[in-house]
Amino acid sequence: IESQTMKHYTKDSLDEKGRTFLSDRGLSISTALSMGVASENGEIAFPYTFNGQIVRVKYRNMDDKKRMRFDSLSPEVKDTFKMPFWNQRKGSKIDYLIITEGEFDSIALAQLGASNAVSLPNGAGSVVSTFRNHYDYLQCFDVIYIAFDMDEAGEKAAEEAKKLLPAKKFRRINFPAKDANEWIAQNPHLDIEDLEDLMRNASKVCIDEIVAFHDLPETFFKGRDI
C-alpha cells in the first residue's frame, strides 16, 4: 500500500537547509537525491519502498536528531505491515548486501560506490524484527556485510545479526570511526578502494569444526588402500 502522506519528490526535493545539512555531514547531494532523500520544514525525509512502491516515510529533524517520526499507517494495513530496510530494492542483481544502522551511513557508503547499501529502519534495536520480516530478501545475497556502529549497541546488534544469518554469509565491517558517515566525514578523499579494503578485511564467523580445503594437510588427499 503506497504511503498516503508521501509527496512526489523531484530533483529539487532538497531545500537549501537540507543540502547544507547533508554537506556538513560529508554526504553527497546527488547520491542522497538518487536515493529519494528530501527535506522540508526543517526535516530530512527518507522514503521507504517495498516492491517498487513507497510504503512509509521517516522524518528526522535537522536540529534535534532525537525528534524522529514516521508517517501514520492506514488502518487496513497497520496490523500486517512489515517495515522494510531503507533503500531495499526489488530484484537486485548484486551478490552482496551491506546493512547499516542508519540512513546517513547508507548514503555514505553509496557515494563511495557501494552498489547495494541498505539501513535498518529504527537503528540497532530493529535488527531482529527487520531480519525476520524480510528473511526471503536476505536469502538473495551470497554475502551480507554488517556495517553497524562501532559502539556497544552496534556490537550487540551485530551479534544478533550473526544469529539470524548463515555463517557463510556473515561479514562484520570494522570502521576506523564510530560509523560509516563519520568515517567519510573525517576522510573526504576516501573512494571505493578504501571501502573494498574494509570489506576484504571484514570479520567472519569461525567454526572450529569446519576447515577450508586449502588448510587441510597434504596427507588428507593421498589415496588409501581399501
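**Strands, a helix and a pocket**

Modeller: Alanine 38 lies opposite alanine 45 of β2. The model is predicted, so local features need pLDDT of at least 70 and side-chain atom pairs pLDDT 80 or more, while totals for chains, interfaces and linings use all residues. Numbering starts from 1 along each chain as its sequence is written, and side-chain values use heavy atoms, without hydrogens and water.

Biologist: How do you know that β1 and β2 pair?

Modeller: Two strands pair if DSSP finds at least two bridges between them. β1 and β2 (residues 43-50) have 3 bridges, in the antiparallel sense, so they count as a pair. Strands are DSSP runs of E, at least two residues long, and helices are runs of H or I, at least four, both numbered from the N terminus.

Biologist: What makes β1 and β4 edge strands?

Modeller: β1 (38-40) and β4 (68-70) each pair on one side only. The open sheet has 4 strands in the order β1-β2-β3-β4, with antiparallel pairing.

Biologist: How do you know that α4 packs on the sheet?

Modeller: Helix α4 (residues 103-112) touches β2 and β3 (53-61), where contact means heavy atoms within 4.5 Å.

Biologist: What makes the lining of the largest pocket charged, polar or nonpolar?

Modeller: Asp, Glu, Lys and Arg count as charged, Ala, Val, Leu, Ile, Met, Phe, Trp, Tyr, Cys and Pro as nonpolar, and the others, Gly among them, as polar. On that basis the lining has 11 charged, 4 polar and 4 nonpolar residues.

Key:
Axes are lines fitted to C-alpha atoms, for helices over the stretch in contact, and angles run from 0 to 180 degrees between N-to-C directions.
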